[in-house]
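The following paragraphs lead through a structural model, taking one chain and then the other. Please keep the sequence and the coordinates in view while reading.

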Amino acid sequence: MSASPVAEAAQSASPDTASDIVIETRNLGKIYRDFWGRKKVAALKSLDIEVKKGEIFGLLGPNGSGKSTTIKLIQGLLFPTSGRAFVFGKDARDVTKNERIGYLPEESYLYKFLNAEETLDFYGRLFDMPSEVRRERSDQLIKMVGLTHARRRQLKEYSKGMTRRIGLAQALINEPDLLILDEPTTGMDPIGSREMKDLIVRLRDEGKTILMCSHQLADVQDVCDRVAILHQGELRELGRVDSLLKVRDVTEVHAKGLSDATKQKIADLIRAEGGEVVSLDNPTTTMEELFLDIVQDDRPGQRPTSNS
Amino acid sequence: MRIEPDQMWGYFEWLIFKLGLVQGVLVAVALALLGFVVCYLVSMARYGPSEGFYNVTRVIYELIARDLPGTSWRRIYALGRLAFQEAIRRRVLVVMAVFIVGILFAGWFLDPSSDNVARLYISFVMTGTSYLVLLLGLFLSCFSLPNDVKSKTIQTITTKPVRSTEIVLGRILGFSAVGTVLLAGMGLLSYQFVTRGIRHQHEVKDLADDGLSGSTTYDSKHQHTFEVLQDANGNWVGTTDEQKGHRHEVLVTEVDGKKVFTLGEPEGLLSARIPVFGKLQMTDRAGNLGGGLNVGYESEYQKYIEGNSLMSAIWTFDDIRPSRFNGGDQLPLELSLKAFRTFKGDIVTGVQGEIILKNPNGRVESERRGFVVKEFAVDHIEIPRKLSGSRDGQPTEVDIFDDLVSEDGQIQIVIRCKDAGQYFGMAQPDVYLRAGDSTFGWNMFKGFLGIWMQMILIICLGVMFSTFLSGPVAMVATMTCLLLGFFGNLALDVATGDNPGGGPIESLIRMPLQTGAMVELDLGNKPLESVIKGIDQGIMYTLVSVFQAIPRFGQFNTADFVASGFNISGSLVARHLTMTIAYFVLASLISYFFLKTRELAAA
């Protein structure tokens, strides 16, 4: 760290402002200590990652691997024990960086005594948005997350999925350039989960950068461009999802309308060429696909009982 | 109640000459230095000497360069409104209900036969209100932030471009708004309660044979006698006698040639006297200035004059103009003197004294005017503008404002005790000229403003402690400040050693040894004694410094003024407001530093 505030101010603007690196961590580490300053646990050990503009970056890992710690360090909610984190070239502890960030916490920590409109209005004010803009934005977002029918209900009456939706809406109130999502799909039913994933991809296509952490591997696989896998506070793997998942010595063929005899011939051919048939079978669909096929248009929140 | 000399100071007198400003600045500087050192030590322990220093300076730099300029009223408003909504959700309105129930039934327990009903009623509502509001402020402010941290809702706030300044100010302002609304409601109800509670009416019961005097019915545990006279225009006018601090006007109408008497509302119960205080000097038995006797430890500045001697008390009043006294037909003088008797004397007539008005030039003075001292009450004397007196020793009629007031606007009022062997006791605020009255409602408003300021202080302290302590601990800390603030004088007396018995260690030794507090400590070992006293000195000096920094809540309590019927002067209100603002700024700054340096997501 530099030795004076002035130098620090100069430096906070330094790391690659011109290039499209949105988040950068340098040797970022966090040790949790108890009251007496004794070391309790090293939650994160010298993490170096860069998240580029316009990508969906996933942080993957089991419970206690340091995902949430990383996200909190990046937002300045925790202070690093070593190293630094930069967002938009600013130090993570600089609150002005938050102007361009939307954050969906792990559980939507919102004020339960407010209703959806009040919630969005409140967070809009925190971005110093004038009232017309706030009203317009919250209308738009309530519609987008599908809570029009429940906009005047207090959040304490919301189901978990609805709470996630309003949480997402508040994260988007400022049209952020960077969206930080902590377990975005937990508590959501498959439809909600799919909608969330579609939305994440759509936002990426609009040019926004997304940092998400999850232990729902399927979600990460579905949407992320790049992932970092953390385990016990250490970075274990970092790269593009497609290349990380590619199994180099297995070939996959998809074909339609083959008879059993033709399939047999193909198997014989593989064996004759010295290959090994691992499996030759009809593919099964995923449970998610199946479920979505069945309940396609029966959206939650549109049940006739729940109009307010 | 007796107005303390410091309560008579004008605003600028206090700020500049009585070192209010200097003290404030000193406290601020001392706290700033102490804060810097403590923060540096903590930071050094955690990050090492150079980086620790860097961290501390960075936080200060960020406050000045980024967070203060970046503070937005819209965000403060949003956070304040949230605090307000949260308070309402936590059912603070119950406090209002408690208050309403309280005053609904209070009438049963407040004794209407008391000598000063107004005082009783006013004290009751104002004490009740201040306890409720202060407790409310305490609970609201101490638990809110810790709850937000615990429920992690703070994380959705601090991940927005919200400055720590805004979180602190929003909290303080939001809770203050809640308290203000409640206090306003309670104030209005209190006013109604007091004015209605003391309202009563009498009928005429007995009429004397002359048809011009009589007595009233017995209502509200008292009755009056009255007398009517014909004034210069031939109208019948009159008032009742004074009972329990009030009179009623007697209205006379003639119906079929017979007089019908009706009695008006009670007068004089709810007053807001505006006193003009003078400077007190006393003469000794030889008539020279600098006298005054002490008849025992009562008050630091109350002194006695002996009867039938040359001892006298001389008050000098400044800036005496007819316009200050309702045109100046009379000079209203109020006395509350103590009598100290060395023998029982004539208990029916009481101890007698005399008043002389003098021009400070010494040439003109009024005739002696006798009076009987009224103990434990305020004696109201109206001195007519024209009175007989003497100029250069020649008897003549004198005019108070033309003859007795000197060219620079001064008048002297001399009081003597006439009875040999009896004494009058008095202090500076015991004799004053009554320059008109303020309205009772306005005075009560100012009294409630005092409660309001105490509430703001509690909220500031509560929010400050809650930025680094958990809810219950913050509450205990605020409570401690509150208690020290209320009983600060006692604590200060102990700390400055004004209370006999020595410091903490010395008194601990005295207890098992059962040494009297007034006796010098004697352990038979001089060096040990001086070590003990030295340590005690250190402890007490630290305590004094700590107490100086804690707001004196008791000082802000002006309910006594309202209850005793004294106007709360504008300068006193201004002074309290200044202190409130100073503490608000200080608490906000401390809160900012704590919040800024705190990991809000730490488990």
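Strand β3 (residues 56-60) of chain A is mostly covered, with five of its five residues buried. Helices (H or I, at least four residues) and strands (E, at least two) are taken as DSSP runs and numbered from the N terminus. A residue is called buried if 20 or more other C-beta atoms lie within 10 Å of its own, exposed if 12 or fewer do, and partly exposed in between, the C-beta atoms being placed from the backbone. This is a predicted model, in which local features need pLDDT of at least 70 and side-chain atom pairs count only at pLDDT 80 or more, whereas totals for chains, interfaces and linings use all residues. Residues are numbered from 1 along each chain as its sequence is written, while chains are lettered from A and ligands numbered from 1 in the order in which they are written.

In a regular strand the side chains alternate between the two faces of the sheet. Both faces of β3(A) are covered: Ile56(A), Gly58(A) and Leu60(A) are buried on one side, and Phe57(A) and Leu59(A) are buried on the other. Which strands pair with β3(A)? One is β8 (residues 209-214) of chain A, joined to β3(A) in the parallel sense over five bridges; another is β9 (residues 226-231) of chain A, also parallel, over four bridges. Two strands are said to pair if DSSP finds at least two bridges between them. Within these pairings, Leu60(A) has Ser214(A) of β8(A) as its bridge partner, and Phe57(A) stands opposite Arg226(A) in β9(A).

Helix α3 (residues 116-126) and helix α5 (residues 160-172) of chain A pack at an angle of about 25°, with their axes 9 Å apart. Axes are lines fitted to C-alpha atoms, for helices over the stretch in contact, and angles run from 0 to 180 degrees between N-to-C directions. The angle makes α3(A) roughly parallel to α5(A), a label for angles under 35 degrees, whereas those over 145 are roughly antiparallel, 65 to 115 roughly perpendicular and the rest oblique. From α3(A), Ala116(A), Thr119(A), Leu120(A) and Tyr123(A) meet Ile166(A), Ala169(A) and Gln170(A) of α5(A); two residues are in contact if their C-beta atoms, placed from the backbone, lie within 7 Å. These residues divide into five nonpolar, two polar and no charged. Here Ala, Val, Leu, Ile, Met, Phe, Trp, Tyr, Cys and Pro count as nonpolar, Asp, Glu, Lys and Arg as charged, and the others, Gly among them, as polar.

Elsewhere in chain A, Ile266(A) lies in helix α9 (residues 260-272). Ile266(A) counts as partly exposed because it has 15 C-beta neighbours inside 10 Å.

The contact between the chains takes 32 residues from chain B and 29 residues from chain A. On the side of chain B, the elements that give two or more residues are α3 (49-70), α4 (73-89) and α7 (153-158) of chain B. That side has 10 nonpolar, 11 polar and 11 charged residues.

Chain B itself has 17 helices and 21 strands, and 35% of its 603 residues count as buried. Its C-alpha atoms fill a box of roughly 95 × 70 × 55 Å along the principal axes. Of the contacts in chain B between residues at least 6 apart in sequence, 71% join residues at least 24 apart.

Finally, the axes of helix α6 (residues 117-150) and helix α10 (residues 440-466) of chain B come within 8 Å and cross at roughly 20°, which makes α6(B) roughly parallel to α10(B). The crossing is right-handed. Their contact has 13 nonpolar, nine polar and no charged residues.

Terms used:
A crossing is left-handed if the near helix is turned anticlockwise from the far one by less than a right angle, and right-handed if clockwise.
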